[in-house]
Amino acid sequence: MMKKTLFYVSLVFFLLLMAPRSFSQKAGNENEVEKIDRLMHLCKLWGHVKYFHPFLAYRKEIDWDKALVETIPRVMEAENEGQYLRALQSMLERLDDPLTKIADRSSSNNESAENKSLDFQLTEDKILIITIGDYFALTGSESGEKLREINKRLPDARAIVFDLRSDVPVGDYGNAIFNIYFEPIERTISAETLSTAGQRRRVYYGYENFSASASGQYKTGFLTETGGRLIPLKNARNIPSIFVLNQNAGLLKSLPALQTAGKALLVFEDKSVSAAQTYSLPVSDDKLTVARIRVSEPIFADGTDADLWPDLIAEENPLESALQLARNFKPSSVKHKKLPATTESSRENSYPEMKYPSVEYRLLAAFRFWNVIRHFYPYKDLFDEDWEEVLREFIPKFERAKDELEYTLTVAEMVARIEDSHAYINSPVYNRYAGTGYPPIRVRLIEDKPVVTALTDEKAARATGIEVGDLIEKIDGEDAFARLARYSRYISASTAQSKMDKATFSFMNGPPDSILSLTLRGRDNREKQVELTRKYEDYTTLYHRERTGEIVKILPGNIGYADLDRLTLDMLDEMFEKLKDTKAIIFDMRGYPNGVAWAIASRLTEKEPNAALFETPLVGHNLPEDSGFAGFFQKIQPTPPGKWIYRGKTIMLIDERAASQAEHTGMLLRAANGTKFVGSRTTGVNGEITTLTLPGAITVGFTGQAVKFPDGAQLQKIGLVPDVEVQPTIKGIRENRDEILEKAVQFVNQ
């Protein structure tokens with residue numbers, strides 16, 4: 001009994017001891033979750049402003065990176081919602097734009113509130129005062145009767161005061177109602193035809209980049225919607241008009257034109273009055289608080305700013321102030337300035353001096369990359385995971401990165417999550433980690449085992465006893481599969497076969513001139529140890545070393561063969577002449593081509609079929625959430641004059657090494673004459689690359705344009721699918737047989 005009592009006492013004591021710790025741990029976890037949520041909202045807000053607020057297109061004095069970097073600590077340290085929202089507001093104030101600010105959701109809807117209904121009165125000195133706050137009530141019969149009465153009083157008015165203040169925003173729908181029902185009044189107060197303002201927004205044709213190797217196809221600029229005309233009615237006359245406005249007021253489209261023409265004055269109750277379009281972005285999980293972001297600029301046809309600027313700001317008694325202006329009317333003295341005609345493309349600051357960026361700049365890197373993918377990546381619909389959840393996962397990883405290598409690898413790991421074989425990371429730190437020294441051998445995954453498939457420097461490799469077909473067991477003492485897994489974590493790849501191709505291509509790397517120690521298993525099943533010297537290589541040339549021998553030849557059975565990995569444009573006419581009488585041509589596309597596909601395709605058909613559908617992200621032409629694509633079809637070009645068309649069968653050999661232009665080659669040949677594919681699935685990536693830079697002198701590349709089959713079918717993350725599937729075997733490699741080519745010959749003969 002005594003032992004049982006002691007047990008329960010000990011248990012109670014233990015639970016009491018642990019309770020505060022458990023509670024503290026839970027509270028700590030909740031605080032961490034809240035902090036990450038707030039940083040996620042900050043990331044999205046910063047990105048929306050960066051890419052869609054018009055000021056940032058030309059006002060280079062606004063350092064938006066710095067605004068974020070100084071806001072991050074305030075958000076991280078915020079002890080309550082108020083401190084957090086004040087931090088966001090402080091960042092937005094860097095724009096010097098009263099319209100862009102943090103607001104309650106209640107002030108961002110289109111619902112009517114307890115507002116004054118339409119009313120009017122004519123003062124003794126003939127000033128007509130029109131008041132309205134409930135714009136949605138204009139559709140009612142009572143308002144219709146009052147509008148008719150107002151129109152009857154217009155001829156008697158020597159001036160009009162429009163009190164348009166509302167307790168809640170009128171919204172797009174309410175403003176449309178207002179402009180429809182007040183159009184007869186609007187066309188009565190000016191005897192001259194006036195040109196009204198349009199709106200311009202920042203737009204993007206893909207993500208513009210400034211890499212030396214960039215295609216230059218991606219562009220940034222303004223999209224301007226033209227304004228209209230205010231045509232007076234027959235009974236119109238120039239009636240001085242004063243408009244009393246607050247941030248929630250309905251706005252006539254003609255207001256800027258009326259003010260500029262000297263026919264109207266504007267009285268603001270607060271500074272947040274604008275004719276610009278806005279976008280509301282939630283900045284709290286309950287979505288009760290939003291950031292109201294300017295996304296357009298009103299502009300006249302001559303490029304003059306057409307936003308609303310006050311003749312008077314009257315926070316107290318604005319109506320009385322308006323009446324005084326009406327009684328002593330003088331044309332507006334507001335001067336509208338010319339707006340810059342174009343955007344100023346700017347390079348992202350890579351902060352190369354920051355070897356190990358501070359936590360604020362590490363998060364800047366995460367936010368910059370996340371937003372670029374969020375707004376400009378053409379294949380977001382193919383993501384296997386929620387991109388917002390990726391941000392949630394990586395914020396603490398960037399925050400905790402303890403040194404420059406861990407920071408750089410965190411960038412690489414995040415880039416890998418877009419699963420795009422075009423995506424890469426380039427920086428001094430990453431290159432040292434991955435290694436720019438290559439051994440003189442090529443390894444591929446054959447039958448799920450890393451196998452030596454080629455000797456890129458035969459003399460150096462054979463001197464060590466390495467043979468084609470040897471299995472890789474260990475690399476510098478590390479298990480080959482463990483090393484593959486470690487490298488794969490930082491490799492972005494569209495497909496599983498692509499990830500293994502990229503991993504086996506580089507997983508033996510190290511510093512140039514360093515010694516690589518390999519444990520191999522030969523064809524006799526015995527282990528052997530060899531050492532190789534790594535040499536610096538331009539990786540783009542390595543793919544062109546795997547096959548040797550004739551580039552163009554005739555195989556037994558009168559079948560032509562051309563190695564597109566090595567064939568160049570200047571060889572093309574000679575190739576067709578040599579193979580013109582063959583019954584088929586096998587194009588070997590297990591590698592990367594030299595831009596010959598377009599010329600080959602034009603020699604295979606007399607028609608001009610669609611070969612591919614190109615879609616480039618078109619961003620900003622509508623609200624930020626409503627991006628789309630600018631698409632066009634690529635056609636096969638006609639056969640050049642004096643050239644003949646090859647009428648035989650055509651086969652293309654493919655495997656995981658065929659990527660991008662190699663896959664596009666397949667699309668062109670398939671469209672030209674129905675070329676068949678033999679081998680295994682290709683990489684699954686296509687489209688012109690674009691790049692961005694991140695703190696620490698890191699360059700990141702990714703696919704900036706979607707390319708699909710002419711019928712819209714997907715290539716990205718699938719690849720070219722073989723008509724005849726065949727995989728190489730270890731036995732075949734050791735016997736120096738090309739099993740894929742053998743299968744293609746068999747296919748032709750059948």
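Analyst: Residues are numbered from 1 along each chain as its sequence is written, and side-chain values use heavy atoms, with hydrogens and water left out. Because this is a predicted model, local features need pLDDT of at least 70 and side-chain atom pairs count only at pLDDT 80 or more, while totals for chains, interfaces and linings use all residues.

User: Why are α2 and α9 called roughly perpendicular to each other?

Analyst: The axes of helix α2 (residues 64-77) and helix α9 (residues 359-376) cross at roughly 110° and come within 9 Å; helices here are DSSP runs of H or I with at least four residues, strands are runs of E with at least two, and both are numbered from the N terminus. Axes are lines fitted to C-alpha atoms, for helices over the stretch in contact, and angles run from 0 to 180 degrees between N-to-C directions. Angles of 65 to 115 degrees count as roughly perpendicular, under 35 as roughly parallel, over 145 as roughly antiparallel and the rest as oblique, and α2 and α9 are therefore roughly perpendicular.

User: What makes the contact of α2 with α9, and how do its residues divide?

Analyst: With contact meaning heavy atoms within 4.5 Å, α2 contributes D65, L68, V69, I72, P73 and M76, and α9 contributes E360, Y361, L363, L364, F367 and R368. These divide into nine nonpolar, no polar and three charged residues, where Ala, Val, Leu, Ile, Met, Phe, Trp, Tyr, Cys and Pro count as nonpolar, Asp, Glu, Lys and Arg as charged, and the others, Gly among them, as polar.

User: How are α9 and α11 placed relative to each other, and why?

Analyst: The axes of α9 and helix α11 (residues 404-416) come within 11 Å and cross at roughly 15°, so the two helices are roughly parallel to each other. In this contact R362, A365, A366, F369 and W370 of α9 meet Y407, M414 and V415 of α11, and by class there are seven nonpolar, no polar and one charged residues.

User: How do you know that β21 and β22 pair?

Analyst: Two strands pair if DSSP finds at least two bridges between them, and strand β21 (residues 515-521) and strand β22 (residues 527-533) have seven, in the antiparallel sense. L516 stands opposite L532 in β22.

User: What makes β24 and β34 edge strands in their sheet?

Analyst: The open sheet has six strands in the order β24-β25-β26-β29-β30-β34, with mixed pairing. β24 (552-555) and β34 (724-725) each have a single partner strand, so one side of each is left without a neighbour in the sheet.
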